[in-house]
Amino acid sequence: MSSVVVSNYAGSLDIAAIRAAFPILSTTVNGKPLVYLDNGATTQKPQRVIDTINEYYTRHNSNIHRGVHFLSQYATDAYEVTRKKIQRFINAKHDHEIIFTKGTTDGINLLAYSFGKSSIQPGDEILISAMEHHSNIVPWQIMCEDRGAVLRVIPMNEKGELIMEEFYKLLNSKTKMVAITYISNSLGTVNPVKEIIDAAHQKGAKVMLDAAQAIHHIAVDVQKLEVDFLVFSSHKMYGPTGVGILYGKEELLNAMPPYQGGGDMIKTVTFEKTTYNELPFKFEAGTPNIEAGICLGAAVDFIESIGIDHIAAYEEYLLNYATEQIKQIQGVRIIGEAAHKSGVLSFVIDGTHPYDVGVLLDKMGIAVRTGHHCTEPVMNFFKVPGTIRASFAIYNTKEEVDALIAGLKKAVMMLL
Ligand code: PLP
């Protein structure tokens with residue numbers, strides 16, 4: 001896979017050079033070259049991210065924010081550089097609007113708890129959609145139960161698109177939060193988030209975007225979107241696991257109480273009363289995942305070295321090619337045929353179970369994900385036990401799509 005010809009791709013990316021930056025891509029699995037198509041679950045890491053981890057522990061390891069010594073100050077600066085890089089990457093107004101979390105799930109839990117406590121009264125409504133990841137369902141269910149609020153769900157159609165007329169019917173003056181995925185992890189649908197944000201704001205509701213599947217595929221500009229909150233995970237954007245980001249507008253974050261208590265989030269502590277630190281530290285209790293925070297900055301550098309718009313264009317080409325090719329396979333049913341999609345091709349094959357197909361593909365060195373993808377309501381809607389999901393990243397190639405199609409044909413022959 002070293003020299004990759006990308007026919008029909010009008011751009012000028014050197015995919016072979018990009019692949020060379022990912023050491024894991026040259027490994028073999030079950031004696032076959034690895035074809036990694038499970039990027040929706042997590043992406044592989046480029047050498048510069050791996051090197052940054054190594055360098056941190058070799059030369060800079062120290063706790064941050066509290067030390068006066070060289071190493072502590074060095075680590076603090078490096079960690080805070082990532083905050084600034086993320087601010088620039090998503091075009092936030094202030095760096096203190098960038099809160100480090102453990103990941104998307106952690107960010108949504110923080111928001112549901114803290115926003116719930118400050119802003120939700122019995123009878124208020126939270127709107128989510130039919131295609132949410134469990135991470136964007138359960139925290140809101142817990143909060144609604146706690147606060148006596150009501151969770152409402154925007155339905156979708158058979159293509160896996162939100163039914164916008166129903167959204168407008170559900171949105172009302174009791175709606176306090178619309179928490180919605182930017183791109184569906186099991187269908188690939190890109191939702192009309194700007195329209196949703198504008199409509200929600202007109203009713204006085206806030207909007208949280210789950211950008212876990214968007215942040216590394218398309219340009220995200222929080223000021224242009226005017227979105228109130230946005231969450232994502234480092235590990236899905238070529239960075240390390242264990243760190244993620246919650247973005248929130250300054251005035252909204254300031255109005256929310258802390259989620260967790262401990263070191264770093266305080267100004268003063270006595271047994272009688274504690275005063276809380278300012279943003280962003282109010283929401284960052286305890287020693288964070290310093291190494292991952294620093295390395296997330298290296299992941300942003302990697303994305304910016306290619307350009308998010310180039311990434312979006314190339315991945316769109318790959319997805320279109322894969323969608324076209326998969327239709328050759330008899331009995332394939334694509335789950336999720338929205339007009340606007342990104343990154344994900346989910347499907348089932350008549351007479352086969354997704355798990356069996358996944359196991360056979362693995363024997364050929366092809367990594368896909370099978371199952372409900374943490375979106376059980378989506379599987380129930382489409383009346384399937386799960387899907388086979390191929391999800392793409394910038395290092396995937398047309399040849400890998402061909403390998404997937406050939407592998408699927410073989411698997412089908414073996415199973416039917
Ligand atoms: N939301 C979406 C759309 C996802 O795809 C995922 C992970 O697959 C999550 C939330 C949860 O992300 P994490 O497990 O990194 O917290």
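## Notebook: loops, salt bridges and a ligand

**Entry 1. Asn91**

I began with Asn91, which is placed in the loop between helix H3 and strand E4 (98-101); helices (H or I, at least four residues) and strands (E, at least two) are DSSP runs numbered from the N terminus. I note that this is a predicted model, in which local features need pLDDT of at least 70 and side-chain atom pairs count only at pLDDT 80 or more, while totals for chains, interfaces and linings use all residues. Residues are numbered from 1 along each chain as its sequence is written, and side-chain values use heavy atoms, with hydrogens and water left out.

I looked up the backbone of Asn91 and found a positive phi of about 55°, although Asn91 is not a glycine. Most residues other than glycine have a negative phi. I then looked up the exposure of Asn91: its relative accessible area is 32%, so Asn91 is partly exposed (buried means under 20%, exposed over 50%, partly exposed in between, with a 1.4 Å probe and protein chains only).

**Entry 2. His373**

I found a positive phi of about 55° at His373 also, and His373 is not a glycine. His373 is located in the loop between strand E16 (369-371) and helix H13 (376-382). Is His373 buried or exposed? His373 is buried, because its relative accessible area is 7%.

**Entry 3. Helix H3**

What does the side chain of Gln87 reach? I found that it comes to 3.2 Å from the backbone oxygen of Lys93. I record this as a polar contact (N or O atoms within 3.5 Å; within protein, one must be able to donate a hydrogen and the other to accept it, and residues adjacent in sequence count only if both atoms are side-chain atoms).

**Entry 4. The loop between E12 and H10**

I looked up Glu278 in the loop between strand E12 (274-276) and helix H10 (290-306). Glu278 counts as exposed because its relative accessibility is 51%. The C-alpha atoms of Glu278 and Asn254 are 8.1 Å from each other, and these residues are 24 apart along the chain.

Pro280 lies in the loop between E12 and H10. The peptide bond that joins Leu279 and Pro280 is cis, with omega about 0°. Most peptide bonds are trans.

**Entry 5. Salt bridges**

Side chains of opposite charge can pair when their charged atoms come close. How many salt bridges does the count give? I record 17 salt bridges (a side-chain nitrogen of Lys or Arg within 4 Å of a carboxyl oxygen of Asp or Glu).

I looked up Glu400 and Arg19, whose side chains meet in a salt bridge at 3.3 Å, N to O. This pair links distant parts of the chain, 381 residues apart: Glu400 is in helix H14 (residues 398-415) and Arg19 is in helix H1 (residues 15-20). Glu400 and Arg19 are both buried.

Asp38 and Arg389 also form a salt bridge, with their closest N and O atoms 3.6 Å apart. Here too distant parts are linked, 351 residues apart: Asp38 is in the loop between strand E3 (35-36) and helix H2 (47-60), and Arg389 is in strand E17 (residues 387-391). I found both Asp38 and Arg389 to be buried. A network of salt bridges links Asp38, Arg369 and Arg389.

In the salt bridge between Asp264 and Arg66, the closest N and O atoms are 2.7 Å apart. Asp264 is in the loop between helix H9 (250-254) and strand E11 (266-269), and Arg66 is in the loop between H2 and H3, so the pair ties together parts 198 residues apart in sequence. Asp264 counts as buried because its relative accessibility is 13%. Arg66 has a relative accessible area of 45% and is therefore partly exposed.

**Entry 6. The ligand**

Which residues come nearest to the ligand? Of the 13 residues around the ligand, I list Thr105, Asp210, Gln213, Ser233 and Lys236 as nearest (near: a heavy atom within 4 Å).

A polar side-chain atom of Thr105 is 2.5 Å from a ligand oxygen atom. For Ser233, an N or O atom in the side chain lies 2.7 Å from an oxygen atom of the ligand. Thr104 uses a backbone N or O atom, 3.5 Å from an oxygen atom of the ligand. Alone, the ligand exposes 400 Å², of which the protein buries 85% (areas by the Shrake-Rupley method with a 1.4 Å probe; for residues, only the protein chains shown count as cover).
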